[in-house]
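Here is a briefing on one protein model, grouped by topic. Please read it alongside the sequence and the coordinates.

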Amino acid sequence: YHRPLYVLGNIEMPKKLHISNSVAYTELLNHIVTASTEKAFAYEIDLKCYMLMLIKQILMDVRLHVISKNSNSQANLAAITQYILDNYQTNINFETLCHMYGYSYSNFSDLFKRYSGKSPHKFLTEVRIEKAAELLYSKQFSVTDIAFMVGYTDSSYFSRIFRQETGVTFNAYLNAVRIEQSKKLLMDQSVRMIDISLMVGFDNQSYFTTVFKKITGMSPLQY
C-alpha cells in the first residue's frame, strides 16, 4: 500500500520526506505528549500551538524537498536534452535514457513536456528535420542520404515526417533551396547557365529553368 500524495494549497506533499532538523521535531513531539498527558490549565491552546509549529516545520521541509527536486529535475532534463542534440542521428531509446536518470517513461515524458513544451519524440523529430534542412543548404545529398544522416533508416518514412513538419514535400523543399542558391550564382554573369544548374544539383538545364520559373515566376535569364 502506498500513501497517496496530498496537496496543501499548491504544495504537493511527498510520500517520503527528508527531515532537516530532527531535534526540532523531537522537541515539538515531546511538548505535544507532555501537554496532552499533564493537561495543565488551557493545555488545549498549548496543543494547538505545538501542532501548528509541527505543521510549519513539516511544510518547511516539504518546501526544501520541492526546491531540491525541481533543481535536480531541471539539471537532468537539460542533460537529456543535450544528449538528444548530440545523438539525434542515432536510434535513441527513450525508455533506456529516462531509466538512466531514475524516471519512468510516463513521468519523464510529463516532465519533459513541462520543460520544453513538447513530447520527447516531438522534440527529437524537430531536431532531425532542422538538421536535415541544414544539410540541404550545405551540400547536395539525396533524400536517402539525408534520412540516414539524421537518424532515419527508411527514406519514405522520413519524407512523410518531413512533410508533416514543414508542410511541403522533401523534393519541393530541396528545389526551393536549390533555386535560392542559384539566385546568388546568377549574380555572377561570368558563370554559364548550364554550370549554375549543375552546381545547385540539376543535371538538366531545361528542368532547372522550369523549376526556377515555377518558384520565382520568371526564367533564370529574366531574373
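Glutamate 126 is partly exposed, because its relative accessible area is 27%; the class lies between buried (under 20%) and exposed (over 50%), with a 1.4 Å probe and protein chains only. This is a predicted model, in which local features need pLDDT of at least 70, side-chain atom pairs count only at pLDDT 80 or more, and totals for chains, interfaces and linings use all residues. Residues are numbered from 1 along each chain as its sequence is written, and side-chain values use heavy atoms, with hydrogens and water left out.

**Overall layout**

- The protein has 10 helices and 2 strands; these are DSSP runs (helices H or I, at least four residues; strands E, at least two), numbered from the N terminus.
- The order from the N terminus is β-β-α-α-α-α-α-α-α-α-α-α.
- Of the 223 residues, 30% count as buried.

**Salt bridges**

- The count is 6 salt bridges, each a side-chain nitrogen of Lys or Arg within 4 Å of a carboxyl oxygen of Asp or Glu.
- Glutamate 126 meets lysine 122 in one of them, at 3.9 Å from N to O.
- These two are 4 residues apart in helix H5 (residues 120-138), so about one helical turn separates them.
- Lysine 122 is partly exposed, with a relative accessible area of 33%.
- Lysine 122 also forms a salt bridge with glutamate 165, where the closest N and O atoms are 3.0 Å apart.
- That pair links distant parts of the chain: lysine 122 sits in helix H5 and glutamate 165 in helix H7 (residues 155-166), 43 residues apart.
- Glutamate 165 counts as partly exposed, at 28% relative accessibility.
- Lys118, Lys122, Glu126 and Glu165 are linked in a network of salt bridges.
- Another salt bridge joins glutamate 134 and lysine 131, at 4.0 Å from N to O.
- Glutamate 134 and lysine 131 are 3 residues apart in helix H5, so they too are separated by about one helical turn.
- Both ends are partly exposed: glutamate 134 has a relative accessible area of 41%, and lysine 131 stands at 24%.

- Helix H1 (residues 22-38) has 17 residues and reaches 24 Å from its first C-alpha to its last, close to the 24 Å expected at 1.5 Å a residue; the expected span is 1.5 Å times one less than the number of residues.
- Its buried residues are Ala24, Tyr25, Leu28, Ile32 and Ala35.
- Seen down the axis of H1, these fall within an arc of 100°, so they line one face of the helix; the arc is that of the directions from the helix axis to the C-beta atoms.
- Thr37 and Glu38 are exposed on the other side of H1.
- Lysine 39 lies in the loop between H1 and helix H2 (43-87), and is exposed at 51% relative accessible area.
- Alanine 42 is in the loop between H1 and H2, with a positive phi near 60°.
- Alanine 42 is partly exposed, with a relative accessible area of 27%.

**Helix H4**

- The 12 residues of helix H4 (residues 105-116) should span 16 Å at 1.5 Å a residue, and the end C-alpha atoms are 16 Å apart, which agrees.
- Phe108, Ser109, Leu111 and Phe112 are the buried residues of H4.
- Glycine 117 follows H4 and has a positive phi, near 90°.

**Aromatic pairs**

- The count is 13 aromatic pairs; rings of Phe, Tyr and Trp (its six-membered ring) pair if their centres lie within 6.5 Å, with planes under 30 degrees apart stacked, over 60 edge-to-face and the rest tilted.
- Phenylalanine 162 and phenylalanine 170 pair edge-to-face, at 5.4 Å centre to centre and 75° between the planes.
- Phenylalanine 162 is buried at 0% relative accessibility, and phenylalanine 170 is buried at 4%.
- Phenylalanine 202 and phenylalanine 208 form a tilted pair, at 5.5 Å and 45°; both are buried.
- Tyr152, Tyr157, Phe158, Phe162, Phe170 and Tyr173 form one aromatic cluster.
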